[in-house]
Amino acid sequence: MSDIPATVTDDATVVFVQHRELMFGVVYNMLGSVADTEDVLQETWLSWTARGGGAPLDGVENPRAYLVRIAVNHALTRRAAISRRRETYVGPWLPEPLVAEGEAADVEDPALRTESVSLAMLVVLESLTPLERAVFVLHEVFGYPHTEIADIIERSPAAVRQLAHRAREHVHARRPLYEAHPRVRREATERFVRAAVGGDIAELMEILAPDVTVWTDGGGKRKRAGLRPVHGRDKAARLFDSFARRGGAEGGHLDLRYRRVNGDDAAVLFQGEEPYAVLVLDLTPDGERVSGVYVVSNPEKLTHVHRGEA
């Protein structure tokens, strides 16, 4: 390494940083975990800098393609470890949310400027095989052609097309093609939060769809997080009413902030300076009612969430 000119390693660092945002987006959408994504990027960096005896750029015609291929393959390996952790996870598992710092709609965080996949979509992607998910993310989210994906995951183009077809059919069967307008989502979120925090049962019954489902991911670290999803409007309304009557968090008052979470308007609850929960809604196709509520309260999944300015 000492014989490699500093300019070579500097150039390799610049190339890596230039493509880090892309790699983060691809890997995060494959894994649904910020912490694991950061680990994969570290592994990718080590593989990159070790290449060519410390001269990574030597013989690489397309550094972007090379780095994405390394990152994707590290992510596929990491996926197996995540699946093993899931086997012993307490209660429902939800992806680790990407939360914008401020309430403004403009997102400056590079991780959040990548192609956004909603939290609800990430939940659907969890039911794909690792290879199906990799192909779906690369093709449907980032626009990679099948031939290029074939080089990345070392499969034939025909195999990639088959994986893409299966993944697309699976996802479209579970996710509506219609997405609510951001203004509609913001209004629905504010209306729901007011009713839930205020314990307004009548309003909750009005805004919740009859077949609504509530997922609460506390990872066994929140006393009031449910160990299984709650299905149906009546049960969901009673759940939120009970939460409001008991004063919210275990240790005191909760402060509400509206944030962009995985590109969508959502709510974040803080207890003092610490994040308590991220709440994301899924709406019916007409945007009138709430069909799903995702509550991430596991503290380990909120370490990247900061209160910021009021």
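Reader: Is W45 buried, partly exposed or exposed, and what is its relative accessible area?

Author: This is a predicted model, so the answer rests on computed values. Buried means under 20% relative accessible area and exposed means over 50%, with partly exposed in between. W45 falls in between and is therefore partly exposed, with a relative accessible area of 25%.

Reader: Which residue forms an aromatic pair with W45, and what is the angle between the planes?

Author: The structure holds five aromatic pairs. In one of them W45 is paired with F16, at 5.1 Å centre to centre. Planes over 60 degrees apart count as edge-to-face. The pair of W45 and F16 is edge-to-face, and the angle between the planes is 70 degrees.

Reader: Which helices does the pair of F16 and W45 link?

Author: F16 and W45 are 29 residues apart, so the pair links distant parts of the chain. F16 is buried, with a relative accessible area of 7%. F16 lies in helix α1 (residues 6-31) and W45 in helix α2 (residues 34-50), so the helices asked for are α1 and α2.

Reader: Is the pair of F192 and F240 stacked, tilted or edge-to-face?

Author: A pair of aromatic rings is described by the distance of the centres and the angle of the planes. For F192 and F240 the centres are 5.1 Å apart and the planes are at 90 degrees, so the pair is edge-to-face.

Reader: How many residues apart in sequence are the parts that F192 and F240 tie together?

Author: Both F192 and F240 are buried. F192 lies in helix α9 (residues 182-198) and F240 in helix α11 (residues 233-245). The pair therefore ties together parts whose separation in sequence is 48 residues.

Reader: What separates the C-alpha atoms of F192 and I207?

Author: F192 has a relative accessible area of 0% and is therefore buried. Not counting residues up to four places away in sequence, F192 touches L204, I207, L208, F240, L279, L281 and V293. I207 is 15 residues from F192 along the chain, and their C-alpha atoms are separated by 6.9 Å.

Reader: Which residues does V68 contact, leaving aside its neighbours within four places in sequence?

Author: V68 is among the members of the largest nonpolar core that touch the most others. With neighbours within four places in sequence left aside, the contacts of V68 are L22, M23, L138, Y144 and I152.

Reader: Is T44 buried or exposed, and what is its relative accessibility?

Author: T44 lies in helix α2. Leaving aside neighbours within four places in sequence, T44 is in contact with F16, M23, L67, I70, A71 and H74. T44 counts as buried because its relative accessibility is 0%.

Reader: In the hairpin of β3 and β4, which residue takes a positive phi?

Author: Strand β3 (residues 255-261) has five of its seven residues buried, and it pairs with strand β4 (residues 264-271) in the antiparallel sense over seven bridges. V261 has D264 in β4 as its bridge partner. The hairpin has two residues between the strands, and the residue with a positive phi, near 50 degrees, is N262.

Notes: Residues are numbered from 1 along each chain as its sequence is written. This is a predicted model: local features need pLDDT of at least 70, side-chain atom pairs count only at pLDDT 80 or more; totals for chains, interfaces and linings use all residues. Side-chain values use heavy atoms; hydrogens and water are left out. Buried means under 20% relative accessible area, exposed over 50%, partly exposed in between (1.4 Å probe, protein chains only). Helices (H or I, at least four residues) and strands (E, at least two) are DSSP runs, numbered from the N terminus. Two strands pair if DSSP finds at least two bridges between them. Rings of Phe, Tyr and Trp (its six-membered ring) pair if their centres lie within 6.5 Å; planes under 30 degrees apart count as stacked, over 60 as edge-to-face and the rest as tilted. A nonpolar core is a set of buried Ala, Val, Leu, Ile, Met, Phe, Trp, Tyr and Cys residues joined through side-chain atoms within 4.5 Å. Contact means heavy atoms within 4.5 Å.
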